[in-house]
Every structure is written in C-alpha cells, then in structure tokens.
Amino acid sequence: MTRTLVDVSAWPLVVLRFSRVVDAETVQQVATGLSATLDRAERFCMQVDMTNTSRFEWAEIKSFDRFARANEDRLNAHVAALALIIPSAMVRGAIRVMFRLKSPAHPYRVVHRRESAVEYLAPYLAELVPHGVVNG
C-alpha cells in the first residue's frame with residue numbers, strides 16, 4: 001500500500017499523494033509534511049492526489065479541519081492555489097463537507113484527473129515561477 005507522501009521535489013508545486021484509506025496515521029503524516037512545507041515561508045501551489053483513495057472517515061475529515069484551522073494564517077499566506085484530484089464520489093463528498101465547514105481563502109478546484117489539476121494550477125505556478133522552471 002502506498003503511504004501518504006508530501007512531495008516538494010517540483011517546488012513550488014507541492015504534491016500530496018494519499019493511500020487507499022485515509023486513517024489517523026495518514027493525517028499525522030500530512031500534518032507533519034505540510035507543517036515543514038509551511039515553515040519554508042514561501043508561496044506554493046498544492047496538488048492533492050487522491051486517485052487511489054476510497055475511504056475517508058469523518059474523524060479524519062475533522063482532523064484535517066483542525067489542522068487547517070490551526071494553520072489558517074500560514075495556509076492563507078503561502079498557498080497560492082489548490083487542486084484536489086478525487087475520482088471517488090464518496091471522497092469528493094467528504095472534501096465538500098470539509099470545505100463547507102471552512103472554505104480555504106485561496107483558489108481551489110476539485111477535479112477527476114491529474115491532467116485537469118495540472119491545467120488548473122498552471123497559471124498560478126507561472127506567477128510563482130515567471131521563467132517557467134518548476135523544480136525542487
């Protein structure tokens with residue numbers, strides 16, 4: 001099973017990859033990785049890849065919500081845009097519930113495919129990297 005990965009190798013694009021089931025360990029890994037990313041104090045775009053995720057329980061949704069609220073100022077200051085790749089209707093529904101609790105201040109879009117996420121984030125990344133070079 002693939003573990004959650006907070007990948008900053010294509011900075012200023014940060015990619016979060018989730019495993020099949022989002023559990024308490026997943027939440028902790030994301031919180032740790034995102035905290036370290038926010039500590040860089042630089043603006044970035046985030047792509048959340050949940051193409052393999054089939055279960056996202058309410059307890060974990062609330063944990064993500066608590067993390068987002070606790071880090072709201074830093075997220076607002078540093079996330080330029082967010083694209084969530086979510087093929088599962090059930091998981092899309094969970095994310096919509098989370099965003100109804102507290103919508104992000106930055107632009108975001110929920111999409112079905114990676115290509116759509118890349119297309120959506122492209123103009124925001126271009127603003128962060130005017131010469132078109134995205135790397136770690």
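These legends accompany a handful of close-up views of a predicted model.

Because the model is predicted, local features need pLDDT of at least 70 and side-chain atom pairs count only at pLDDT 80 or more, while totals for chains, interfaces and linings use all residues. Residues are numbered from 1 along each chain as its sequence is written, and side-chain values use heavy atoms, with hydrogens and water left out.

**View 1**
Two strands pair if DSSP finds at least two bridges between them.

**View 1. Strand 6 between strand 4 and strand 7.**
One to look for pairs Leu82 with Tyr108 in strand 7. Strand 4 and strand 6 also run parallel, joined by 6 bridges. Ile85 is a handy landmark: this residue of strand 6 is the bridge partner of Asp49, and Ile85 is also partnered with Val111 in strand 7. Strand 6 is largely enclosed by the rest of the structure, because 7 of its 7 residues are buried. Buried means under 20% relative accessible area, exposed means over 50%, and partly exposed is in between (1.4 Å probe, protein chains only).

Thr26 has its place in helix 1 and is buried, at a relative accessible area of 2%. Its C-alpha atom is separated by 22 Å from that of Ala117, which is 91 residues apart along the chain. Ala36 lies in helix 1 too, but Ala36 is partly exposed, with a relative accessible area of 45%. Between the C-alpha atoms of Ala36 and Phe64, 28 residues apart along the chain, the separation is 16 Å.

Leaving aside residues up to four places away in sequence, Thr53 touches Phe18, Ser19, Arg20, Val22, Ser88 and Val91.

**View 2. Salt bridges.**
A search of the whole structure finds 6 salt bridges, each being a side-chain nitrogen of Lys or Arg within 4 Å of a carboxyl oxygen of Asp or Glu. Asp39 forms one with Arg74, and their closest N and O atoms are 2.6 Å apart. Asp39 lies in helix 1 and Arg74 in helix 3 (residues 72–78), so this pair ties together parts 35 residues apart in sequence. Asp39 is exposed at 54% relative accessible area, whereas Arg74 is partly exposed at 26%. Arg40 and Glu42 meet in another salt bridge (3.7 Å, N to O); Arg40 is partly exposed at 34%, and Glu42 is partly exposed at 36%.

Asp65 forms a salt bridge with Arg69, with the closest N and O atoms 3.0 Å apart. Both residues lie in helix 2, 4 residues apart, which is about one turn of the helix. Asp65 is buried, with a relative accessible area of 5%, while Arg69 counts as partly exposed at 42%.

**View 3. A nonpolar surface patch.**
Trp58, Val97 and Leu101 make a nonpolar surface patch of about 260 Å². Patches are made of residues with over 30% relative accessible area and no salt bridge; like charges are joined within 9 Å, and nonpolar side chains (Val, Leu, Ile, Met, Phe, Trp, Tyr) within 5 Å. Accessible areas come from the Shrake-Rupley method with a 1.4 Å probe, and for residues only the protein chains shown count as cover. Trp58 has its place in helix 2 (residues 58–70) and is partly exposed, with a relative accessible area of 49%.

Methods
Helix = DSSP H or I, 4+ residues; strand = E, 2+ residues; numbered from the N terminus. Contact = heavy atoms within 4.5 Å.
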